[in-house]
Structure formats: C-alpha cells, structure tokens
Amino acid sequence: MSTRRAFVVERWTRLSAGSTIAVAVVLAILALAPLLFDANVVDSLTTLFIYLILSVMWNALAGYAGLVSVGQQAFFGLGAYFAIQLSYYGVGVYPALLLGAVITAVLSLPLSLLMLRLRGGEFAIGMWVVAELARLIVVLDPVINGETGVSMIALNAINPESRRDYNYWMALVAMVVLLAAVFALLRGRLGASVQAIRDDEDAAESVGVRVLAGKRTIFVLAAFGCALAGSLWLATSISFQPRQYFGIQWTAYMIFMVLVGGLGTFEGAILGGVIFFLIEYLFGQTGVWYLVGLGAAGIVFALFLPRGIWGTIEDRFSIRLLPVGYSLRMLRSDPGPGSGAKTPQD
Amino acid sequence: MIWVTQILNGVLLGGYYALLACGLSFMFGVMRIINLAHGDLAILSACLVFLIADTTGISPFVALIVALPVMAAIGWALQRWMLERSLRSGVLVPLLTTFGLAIVIENGLFEYFGADTRSLAPYIGDFAYDSWAITSNIYIGSLAALIFALAVVLLGGLKLFLSYTSLGRSIRATAEDPDTAALVGINTRAIYGIAAAIAVATAGLAGVFLAMRAVFTPYSGPEQLIFAFEAVVIGGIGSLSGTLIGGIVLGVAQTLGAQINPQGFLITGHVVFLAVLAGRLVIAGVRARGGLGALLARRP
Amino acid sequence: MSLLEVEQLDARHGLLHAVRSVTLKIAAGETVALIGANGAGKTTLLRTIAGAHRPAAGRIVFEGDDVSAVPAYGRLRRGIALVPEGRRLFAGMTVKENLQVAGTYGRPGPWNIDSVIEAFPLLRERLNRRAGNLSGGEQQATAIGRALMTNPKLLLLDEVSLGLAPIAVEAVYRSLEKLIASGATIVLVEQDINRALGVASRIACMLEGRIVLEGRAADISREQVTQAYFGLQKARQA
C-alpha cells in the first residue's frame, strides 16, 4: 500500500456509547421490576435471566474459544446438586445457591486439564460423557433419593412472595455480573487471544498466545455460569430430579439460542436468549413438536445463516451496540455506515 | 466361575459396541465429522424394523433387507443436503447440525411411537434366549455370539474393502487429501455420499441388533452414541481393528462394573473411558519431555 | 485446432488477483514452459486449467469443448492431468496404490503400472512402500507416474524439480525427455530457465498474473526471458 492513509482504532462508536446508556436505563427499571410488575412477569423475567446466562456462557465457549460442548448440563446439574447438599448441611438458602456454583467452578478446574486437551468433536462428546457420569454419581448420593429426586426444603420455609422477589434479584444480579464479566474478558487481552485461538489454534500458539490458559479461563467461567443458572433454576422450581437437571435438552436450548442469535457475537447471544424465551412462552406447551422445531431451526440457522440474526445484521450494517472488538475508522473519509469496519473476529 | 461368564459376556457385548462404533469411526476417518446423530440414526433403523415386523409379521432379519438400503439412502441424502454444506462452514458446524438432527430424530420418533419401551426380541422367537453351554456352567447367548461374529466380519470386511478394491482405495485417497483426489479423477462428492451411506447403514444394522438383544425407546440414541464414541476413542480414532478392541474393553468394564453395583455398569464404562484419555495424555506428556528415561534421570 | 485454448482467464484467491486475463493456445505435441517469479500466477493458472481452482472469468476450451464448468475429476477423465506442486501423494498409501487409484478413472492407453516402472525404474523396488516414506526424487517420480496412469492428452507439471537433489532432477528430466519424444503434450512450470529452454518448444513468461512474453523457444533468448522475469519488459506487452 503506497498511499498514506490515517486510521484511528476505535472501541466505541457513537451508537455503542448510546446503547450503553440505554442498557443502564433498562437495568435500573429491571432492578425495580418486583415493585412495578405482577408476579407472573417477575417469574418470567427470572426465567429469561437464566436463559440469558446459559446463552452467553455457551456463546463464550463456542463462539469465542471454539469449544463446542454438548455437556454443559453437567455444571447446570452440579450447581443445583451442591446447593442442595450445602442446604442439607445447614447452610442458608441463598448462600448455598451461590456456593454450589462456586464449588462446581472449582471442580471444573481439574476437569479442564483433561478436557481441554481434546479437540473438536472429541471435546464435544467428552463433555457429554462427563455430564452422564456426573448424573450417575449424583444419583448414588442417598440425599437425592435416586432418580426420584428431592426438594430443597429450606426454600419452602421462605414465604412465596418474598422468595419470588429474592430469586428475581439474585437472577438479575447473577446475569448482570456474568454478562459484564464476559464482556470485560472479551474486551481485555483475553478477548483477542481467545478469538485468535478460535480462528486458528496452531497459528495463535506460534505467535505466543497462551492458548490453554485462555481456553481454561473461559471454560471455568462457563462452568460457573451454567452452575449458577442451575442453582437459580432450583431456586425457582424447588425440586431436583437428576434426569431433568442433567438432561441434554439444556444443551439443545443453548445451541439454539446462540445459533439463532449469532454465534460469536455478544449481542447475538442476548438476542438469542430473548427469542428462545418468547418461543418457549408461545410454543412450550406443544410438547415434543416444539423440540423438533428447535432442532430443525438450529440446523437451518447453522446451514444458511451461520452468523445468526445478529451476526447477519452486524455484517450488513456494521452496527456495534456492545463492542467487544476493535474497529478501524479511516480519518479522511466519510464516516458513513460502512466505516464501522470489521472486528478482528473474522 | 461367575467372573469367567461375566468377562465372556463383556467380550460379546464389546462386539455389539464395535458394530455400533464402526460407522462412527468410518465417517470420522473419511470425512472428519463426528456425527452426533449416530445413535439416533441407529434407533431410527430399529423403529423402522420394528414397524415392519409388527405390521407385517415378517422376521426382523428379513426386514433388515428393506431397512439397510433405506438407512444407506438416508446417509447419502444427509451428506448431500446437510453435511456437505456444514463442512464448508468449518469444523464446528457439522457438530451443531448433527446435534440438531439428533434432537429432531429423537423427538420425531417420540411423536410417532410414544415413550413405550420396545424390543424386537419377541419377534425373533427362541433365538433371543438360546444359549450354548461352553462347559457345564458357562453359557454364552447365541444372539450375543452372532452379533460378535457380525462385528468381526463387518470390521474385517470393511478393512479388506478399503485395501483391495478400487472404490476402497478411492475412499482412502479422498480421506487423505480430497483436493488431490479430485485431480486423479475421483468424484469426491460421490465418495463422501457413499461413505456416509455405509456409515449410516452400519449404524442402522447395529440399532436393529440392539433392539433384538435389549429394549429401546425413542430416546435411547444419545446413550448409544456415547457408547460408540467411547469404544472408538478407547481403541484409537481411525483404526477399525482398534474399534473392536475398544468395544471389548468397554463391554468388559461395564459387565464387571455391574457386578459391583447395579449403577456400576454405566459408571465403570465412563470411568474407563476417561482413564484411557487421561492415560494417553500423560504418556504424550512424558514423550514430549524426552521419554520416561529422561524424566527419571532429571529427578534428584 | 489447438488441444487447449485458454481465453481471457481470470483467477483470484480472495482479494489477490492471481491470474489476469490470460490467453494461451497449446497445440497437440507441444511442450510449453511457464516461467516466472514466485507469485506470478503459474501455479494458479495450472490449477485452474486442471479444474482444481474456479476461475473468476474467462473460458477453458479443451479439444473444442468448453470445460470451464467441468469439475476437476471430469477434466481428468477427458485427458487433463496435473502433477501438483509439492507432489501431494497419498502418503498413507503405497506407491502401487497411488498409481492404481489414478489408473481407475483415467482413459485407456499405453500407460499402466508396468510402463510407469519402465519409465521410472527407481520405483520398481519401492512399489509396496508407503509413499510418505520415499525420498524426494522417488516421490516426484511417483507423482508423475500417477498422472501418467490416467493416460492424459495434456500433462501439466508444476515445479517438478523443486526441492530435489541435482541427480534426482537429472533423472526426472531424462524421463520427461522420453515422454516428450513420444509426442506428449506438456505444460511445465520450471524455475531453472536453462532447463526450461532446453526442454520446451515454446516459452511463456508470466509476471504479476499476466503473460508478458511468449514465443518459440528457438526464437527467444535467455536475456529476453530474464528481462520478462524481472518485469523489465512491461512496456512490450501491449
């Protein structure tokens, strides 16, 4: 390139700064939701937050670190299981729910030593084996009553109205903190390195990216997030059946949310979570046809719209609402819609 | 004596796992795809044969003659309409699409067949329960022995086919380097279609034998996929004879585990699988550091 | 009639415009040497002719038929064979299997395993060895043999001497000369200008994706080729 051009590297566009303010306003309203809306809305929003956590966690794994896991239900189930155990031994309800996720995250660290050595499909099914093994071992625990399952009795001691509000706020805080953590991670040093890993693991390694360390951080974070989602689910439903919590349907939901919203885009995972929530609300009662539809939609998106709804919008209009990447803007040119440039993610 | 019988049963069960794993291993070897719908395709075939046997009363062995070509056609179509496109988008997309397919098949079968537990055993008469006495107190089931023999014949036959036929050589050449394969005149698209047809047909064969020797529901697929995958990994990915060994290791581990605890059947299998993985990583780590000798010499 | 006619061919690798409106006619029995620096577009041109690379524009006519839309395996069956750069043998298969697999889909003709061994005697002892375990010269002989097994009417050779010991290059070229004498039509890419001038009946020099010098080998001097190679002749192309 012989002509001299001036560029500025940008992280925030005017639009993304505006959208950040909008996010703050929405969060403020959400924080007060139990005072503003009726019980059904509060319950629904709690469920939505759990879906958002799952979606963003799976997206961090697959969309950024290139790790397709079909076994995240292992952490979902373990988070709930440890919460029950802690509560059984006298730990307070809400501390137990949080600690259950912490213990799961701690356990995921040694697990990562083994699993992260696997590649592609081996990692995918390897995680599934881990989830199955976790379920089988949990069923052996007499506290759980085998396949029948058990209830977190301590939850019943709290009056239902307060419990609904506590659950809501815990889910809201968990979602905001986890999303913020992923956002911060992806904007930081780790973000660039994990994306380099996803694009070409060997090349990344050869230029000094600490591949394993980056993957491990994401893996443990995703384990923690999914475990917290599991214990939150327990808080709303009270009862725990191993087959349900360790069920493969959670992975199906996560894949659907991320594929539809936009694999590898931060906003897309959120959009996918919202879309899934609405679809479940509308069609969840239709039983298994609903699941057939989810699977089929996943296939169609993976084949024909691999960047999902948000990824496609991004590519076409160069919109960044919550930018985790960098954009190059040419200084002496018209900063029209095309100047948002590309993030380094593809 | 109970242990000898159990180990023998485990070995024969391993034959079933090898039969099941054959297609998974083959598809990965040729196309580098791990088909997450493999187990569900096996169950689909079992349901198909069940439907034929149940409505017409013909033997499941005869129904196989219809079911296998249907499964092969499904495999071919799968390659043409789904996998080929998935592969173009990178290595992760085939995992996502085959997982989606698994969800569609499972729940579609549930919609049609309901949640009932079924088996083909009632349709094959005494053969389901016949056994041969090896000694006065060691018996092996004739169906289990048939499945084991079938696995050996299938894996061996596939190996011979790949080595000594021109189609087999073309498949190997395509597996190794599809770009160059096209330059020596191989229609790689057709080869992938044939490979997928073979893989899905063998999955279908395994599914029917699962239905004869045990029970199944529309949701039995994922478990079968996991067993197949464990057999493939234990035996070493891409090796057909390794698949048989892997299946036997898994089968023996499971039957011995079941002796310890009723839940032990599954747990032992998964634990052995993870242990083999961990062991392999340790060995690779030791080699990378200059072998065991170097590692020991470095110790004070 | 020309055996091969390339008309206004363009080929790209993403943003890189590797071949730019190249027009080339090759008559049966000719040996054409493509000369040019690394990145001049020679390999892409050969791969596009063989069908391994999709052209962005232009036509490829073989024996009077437009084969632009025919996939690589179909062009091979019509008689276009490419010996790719870097040999690209099926490393896990034996030499014999490498030859057999190509022979399956080619045209009928004089070339078979026996005649390939006759042309490359060094392969006789190596037939049952894995191709990945051969020396560079043996691999190159196998790669050429593999292309010959298809009995091509047009043989495209990409960098056959690259990375070979001088003695192996000598052996490969001795076999090529026999092939040329038998009336084969060959397009070869060669970095060694003297060798190219020695073996070819016609020369085409490429620079930045275009053919900048073309003519009978006898009419072109080494100096002209060198000038074209380094782009000193750019003015002449119009």
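Among contacts in chain A between residues at least 6 apart in sequence, what percentage join residues at least 24 apart? The value is 76%. It comes, like every value below, from a predicted model.

## Chain A

The secondary structure of chain A consists of 16 helices and 4 strands. The chain has 346 residues, and 45% of them count as buried.

## Where chains A and B meet

Contacts between the two chains involve 35 residues of chain A and 35 residues of chain B. On the side of chain A that touches chain B, helix H6 (120-140), helix H13 (249-261) and helix H15 (288-304) each supply at least two residues. The largest share comes from H6(A), with 13 residues.

Sorted by class, this side of chain A has 27 nonpolar, 5 polar and 3 charged residues.

Helix H3 of chain B covers residues 60-88, which makes 29 residues. At 1.5 Å a residue, the helix should span 42 Å, and the distance of 39 Å between its end C-alpha atoms agrees with this.

H3(B) has a kink of about 45°, centred on B:Gln79. Just after the helix, B:Gly90 takes a positive phi of about 115°.

## The mixed sheet of chain C

One open sheet of chain C is formed by 6 strands in the order E6-E7-E8-E3-E9-E10, with mixed pairing. Strand E6 (80-83) and strand E10 (210-216) stand at the edges; each has a single partner strand, so one side of each is left without a neighbour in the sheet. From one strand to the next, the twist averages 15°.

## The antiparallel sheet of chain C

Another open sheet of chain C has 4 strands in the order E2-E1-E4-E5, and its pairing is antiparallel. Its edge strands, strand E2 (16-26) and strand E5 (65-66) of chain C, each pair on one side only.

Strand E4 (residues 57-62) of chain C is paired with E5(C) over 2 bridges, in the antiparallel sense. In this pair, C:Phe62 stands opposite C:Asp65 in E5(C). Helix H1 (residues 42-50) of chain C lies across strand E1 (4-13), E2 and E4 of chain C, and runs at about 65° to E2(C).

## Residue C:Arg78

C:Arg78 belongs to helix H2 (residues 72-78) of chain C. Why does C:Arg78 count as partly exposed? The reason is its number of C-beta neighbours inside 10 Å, which is 16; a residue is buried with 20 or more and exposed with 12 or fewer.

Leaving aside residues up to four places away in sequence, C:Arg78 touches C:Phe62 and C:Val67. C:Val67 is 11 residues from C:Arg78 along the chain, and their C-alpha atoms are separated by 9.4 Å.

Note on methods:
Residues numbered from 1 in each chain as written. Chains lettered and ligands numbered in written order. Predicted model: local features only at pLDDT ≥ 70, side-chain atom pairs only at ≥ 80, totals over all residues. Expected span 1.5 Å × (residues − 1). Bend = angle between axes of the 7 residues up to and from the residue. Contact = placed C-beta atoms within 7 Å. Nonpolar A, V, L, I, M, F, W, Y, C, P; charged D, E, K, R; others polar. Pairing = 2+ DSSP bridges. Axes fitted to C-alpha atoms, helices over the stretch in contact; angles between N-to-C directions.
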